[in-house]
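The exercises below are meant to be worked through with the sequence and the model side by side. Try each task before reading the solution that follows it.

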Amino acid sequence: MASFIRAACALALLTLASLPASAEDVRGKIVKIDFENYVLQLDGGQRFEVPEDFYVEDLEPGMIVVIQYEVVDGKNVIADLELAE
């Protein structure tokens, strides 16, 4: 019985470890957009990588945005971006 419980716990841990990291949200003012390197910087100093399939050409410094991002290989990668209301 004890070995069954250990196996069940091990399976539960493996399942949790394989889940993707949850996204985080941040709100801020855009201070810089580097269209060549796909990087966006907010007023708090946070930098975010912009996926190449995101259309960000209409964004400008000074706009307030809400960014949902995930940390991938130590970099903040935008998962979703909306203009703040």
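## Exercise 1: Overall layout

Task: determine how many helices and strands the protein has, and state in what order the elements run from the N terminus on.

Solution. The protein has one helix and five strands, and this count is read from a predicted model. Starting at the N terminus, the order of the elements is α-β-β-β-β-β. As a next step, consider burial: of the 85 residues of the protein, 19% count as buried, where the cut-off for buried is under 20% relative accessible area. The protein exposes about 6,300 Å², of which carbon and sulfur atoms supply 54%. Finally, among the contacts between residues at least 6 apart in sequence, 45% join residues at least 24 apart.

## Exercise 2: The salt bridge

Task: find which side chains meet in a salt bridge, and work out which parts of the chain the pair ties together.

Solution. Side chains of opposite charge can pair when their charged atoms come close. A search of the whole structure finds one salt bridge, and it is formed by the side chains of E49 and K75, with an N to O distance of 3.6 Å, which falls within the 4 Å cut-off. As for accessibility, E49 is partly exposed at a relative accessible area of 31%, and K75 is partly exposed at 45%.

## Exercise 3: The aromatic pair and the core

Task: describe the geometry of the aromatic pair formed by F48 and Y69, and then identify which residues of the largest nonpolar core touch the most other members.

Solution. A pair of aromatic rings is described by the distance of the centres and the angle of the planes. The search of the whole structure finds one aromatic pair; the ring centres of F48 and Y69 are 5.1 Å apart and the planes stand at 65°, so the pair is edge-to-face. Because F48 lies in strand β3 and Y69 in strand β4, the pair ties together parts that are 21 residues apart in sequence. Both F48 and Y69 are buried.

Turning to the core, the largest one has 14 residues, of which I30, L40, L42, F48, L59, I67 and L81 touch the most other members. The elements that give two or more residues to this core are β1, β2 (39-42), β4 (64-72) and β5. Leaving aside residues up to four places away in sequence, L81 touches L40, F54, L59, V65, V66 and I67.

## Exercise 4: A residue of strand β1

Task: decide whether D25 is buried or exposed, and list what D25 touches.

Solution. D25 lies in strand β1 (residues 24-34) and, at 56% relative accessibility, counts as exposed. Not counting residues up to four places away in sequence, D25 touches I67, Q68 and Y69. The C-alpha atoms of D25 and A79 are separated by 9.7 Å, the two residues being 54 apart along the chain.

## Exercise 5: Positive phi

Task: locate Y38 and D73 in the chain, and give the phi value of Y38 and of D73.

Solution. Most residues other than glycine have a negative phi. Y38, although not a glycine, has a positive phi of about 55°; Y38 is found in the loop between β1 and β2 and is partly exposed, with a relative accessible area of 32%. D73 also has a positive phi, near 55°, without being a glycine; D73 sits in the loop between β4 and β5 and is exposed, at a relative accessible area of 77%.

Definitions and conventions:
Residues numbered from 1 in each chain as written. Predicted model: local features only at pLDDT ≥ 70, side-chain atom pairs only at ≥ 80, totals over all residues. Heavy atoms only, no water. Helix = DSSP H or I, 4+ residues; strand = E, 2+ residues; numbered from the N terminus. Buried < 20%, exposed > 50% of the residue type's maximum accessible area, 1.4 Å probe, protein only. Contact = heavy atoms within 4.5 Å. Core = buried A, V, L, I, M, F, W, Y, C linked by side-chain atoms within 4.5 Å. Phe/Tyr/Trp six-rings, centres within 6.5 Å; stacked < 30°, edge-to-face > 60°. Areas by Shrake-Rupley, 256 points an atom, 1.4 Å probe, with all protein chains shown as cover.
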